[in-house]
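Dear colleague,

Please find the structure below, handed over for your own work. My findings follow directly after it.

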Amino acid sequence: MKRLLLVAMLVAGSASAADAPAKLPSLKIDPARVTVAGLSSGAYMATQAQVAYPDVFHGAALVAGGPYGCAGGKLETALGSCMKGAPAPDVNALATQARTRATKGEIGPLSKLATARIYALHGAQDALVAPVVGHASAGFYEALKKGDPALAGMTVVDDGDRAFAHNLPISAAGDDCGKSVSPFLGHCGFDAAGEIFAKLYGKPAHAAGTAKGELRAFDQDAYRSDGKDAFLAAGGFVYLPPDCLAGKPCGVMVALHGCKQNADLVGKAFVEDAGFNRWADVYDVAVLYPQTRAVFAPLNPQACWDWWGYSGENYDTRAGVQLRWLVDALHGLGLPAVK
């Protein structure tokens, strides 16, 4: 029962995109403008990506998620402290553990977070991931700052007082803002995607209009690290703004869906309707939409990203199979190798 609850927990999924034969296009990527954003299990995955690879991801937006290392590879901890906040995650202990892991080389050098931008967004009406857990996602980075004066320039914004449930708010208004229902895009009259771009990339040059770029499917299996199964769907998606297609320098945002929000379950709702694409045009930032898949061995029937260890004990380190896949896919998109 507990295992089913976990995979049911953090909303939001895997794009099967069986019609995705092509590899990613090679763009002129600006390494300083690579960020990651995620909802729910995608938020946990986003903080794992940034802490494991702070030399790659220079900003992270965490929507309805918790702090790095929270589950510690234990399902019961994930279900309790990391979702219900009982007890609340100990961010100081998690920060100390991250420093130890960095010293061992299991994650990247935390000094690379010195100029990082962190935006933690969570709804005050979230009944699935407790507000105290959402606050801890920002509190973890604050604990890192407190313990290292060299990180004083890291920007951390904790935005947890808005009235919405366990979903990603969008600019349109409707009656589901206070609910957590598929496809988990709450019609709240709040453009979370626009706020995420502003927090990670600065104020926009102009308002966003209709997305005018291209949304393409691509072959995710082409980026398996050492051929290892990362428990992803066969295909994912990438949104390419017009200027990126024209060969201009371009940033990249990796946008990670949550449980039950993959293309197998919600079609293209997340990749087309979350609001990221129209803002991507404004900022000249390509958006990579990786997709997980549901599996029963190991147990992940609702296609969550791995933040408790179903893909292996090194799931939240640089050796984690899903994290390695993310970095390899970015290299396939044109990101230069990190020196």
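Asp 221 counts as partly exposed, because its relative accessibility in this predicted model is 36%. Its side chain forms a salt bridge with Arg 224, and the closest N and O atoms of the two are 3.5 Å apart. Arg 224 is itself partly exposed, with a relative accessible area of 33%. A salt bridge also joins Arg 224 to Asp 229, here with an N to O distance of 3.7 Å. For Asp 229 the relative accessibility is 27%, so this residue too counts as partly exposed. Arg 293 belongs to this group as well: Asp 221, Arg 224, Asp 229 and Arg 293 are linked in a network of salt bridges.

With a cut-off of 4 Å between a side-chain nitrogen of Lys or Arg and a carboxyl oxygen of Asp or Glu, the count comes to 12 salt bridges.

The buried residues of α6 are Ala 192, Ala 193, Gly 194, Ile 196, Phe 197, Leu 200 and Tyr 201. Just after the helix comes Gly 202, which takes a positive phi of about 95°.

How confident is the prediction, and what is the mean pLDDT of the chain? The mean is 93, and 94% of the residues reach 70 or more. Residues 1-20, however, have a pLDDT below 50, although this stretch has 95 contacts in the model beyond near neighbours in sequence. Where pLDDT is low, the predicted coordinates should not be read in detail. I would ask you to keep this in mind when considering the contacts of residues 1-20.

With kind regards

Note on methods. Residues are numbered from 1 along each chain as its sequence is written. This is a predicted model: local features need pLDDT of at least 70, side-chain atom pairs count only at pLDDT 80 or more; totals for chains, interfaces and linings use all residues. Side-chain values use heavy atoms; hydrogens and water are left out. Buried means under 20% relative accessible area, exposed over 50%, partly exposed in between (1.4 Å probe, protein chains only). Helices (H or I, at least four residues) and strands (E, at least two) are DSSP runs, numbered from the N terminus. pLDDT is the predictor's confidence in each residue, from 0 to 100. Contact means heavy atoms within 4.5 Å.
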